[in-house]
Amino acid sequence: MTPEQKAAYINAQCISANADIQGMIAENQHRLSLGLSIAYDEQAFAEVPDRYGIHHNQIIDFFRD
């Protein structure tokens with residue numbers, strides 16, 4: 001992969017992670033409006049970068065290869 005392709009891939013991963021986070025926020029807000037407990041806690045949000053491989057060190061390693 002070229003550096004540009006790697007950057008595009010990381011960008012796509014970040015966009016996908018953000019879409020997941022926004023969906024999680026919306027679901028939590030919806031549930032709160034219904035008087036229910038939230039579906040996603042702090043831990044669930046913290047796990048999103050792991051699912052997409054977008055932690056700082058993972059990105060550095062990705063560009064190093």
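User: Before the burial figures are discussed, what does "buried" mean?

Analyst: A residue is called buried when its relative accessible area is under 20%, and exposed when that area is over 50%. In this predicted model, buried residues make up 15% of the 65 residues in the protein.

User: Which elements make up the protein, and in what order do they run?

Analyst: An inventory of secondary structure comes before any question of packing. Here there are 4 helices and 0 strands, and from the N terminus the order is α-α-α-α. As for contacts between residues at least 6 apart in sequence, 56% of them join residues at least 24 apart.

User: How is the packing of two helices described, and at what angle do helix 1 and helix 4 pack?

Analyst: One states the angle between the helix axes and their separation. Helix 1 covers residues 3-33 and helix 4 covers residues 56-64; they pack at about 155°, and their axes lie 10 Å apart. Because angles over 145 degrees count as roughly antiparallel, helix 1 is roughly antiparallel to helix 4. The crossing of these two helices is right-handed.

User: Which residues make the contact between helix 1 and helix 4?

Analyst: Helix 1 contributes Pro3, Lys6, Ala7, Tyr9 and Ile10, while helix 4 contributes Ile59, Phe62 and Phe63. Sorted by class, the contact of helix 1 with helix 4 holds 7 nonpolar residues, 1 charged residue and no polar residues.

User: Lys6 belongs to that contact. Is Lys6 buried or exposed?

Analyst: The relative accessibility of the residue decides this. Lys6, a residue of helix 1, counts as buried because its relative accessibility is 9%. Apart from its neighbours within four places in sequence, Lys6 is in contact with Met1, Phe62, Phe63 and Asp65.

User: How far is Lys6 from Asp20 in space?

Analyst: Separation along the chain and separation in space are stated side by side. Lys6 and Asp20 are 14 residues apart in sequence, and their C-alpha atoms are 21 Å apart.

User: Which residues does Gln13 touch beyond its sequence neighbours?

Analyst: Such a list leaves out residues within four places in sequence; on that basis Gln13 is in contact with Tyr52 and Ile54. Gln13 is found in helix 1 and is buried, with a relative accessible area of 16%.

User: How does Asn28 compare, and what is its relative accessibility?

Analyst: Asn28 also has its place in helix 1. At 8% relative accessibility, Asn28 counts as buried. When residues up to four places away in sequence are not counted, Asn28 touches Ile38, Ala39, Tyr40 and Phe45.

User: Is Asn57 buried or exposed, and how far is Asn57 from Asn28?

Analyst: Asn57, in helix 4, is exposed, with a relative accessible area of 55%. Asn57 and Asn28 are 29 residues apart along the chain, and 30 Å separates their C-alpha atoms.

Methods:
Residues numbered from 1 in each chain as written. Predicted model: local features only at pLDDT ≥ 70, side-chain atom pairs only at ≥ 80, totals over all residues. Heavy atoms only, no water. Axes fitted to C-alpha atoms, helices over the stretch in contact; angles between N-to-C directions. Parallel < 35°, antiparallel > 145°, perpendicular 65-115°, else oblique. Left-handed = near helix turned anticlockwise from the far one by under 90°. Contact = heavy atoms within 4.5 Å. Nonpolar A, V, L, I, M, F, W, Y, C, P; charged D, E, K, R; others polar. Buried < 20%, exposed > 50% of the residue type's maximum accessible area, 1.4 Å probe, protein only.
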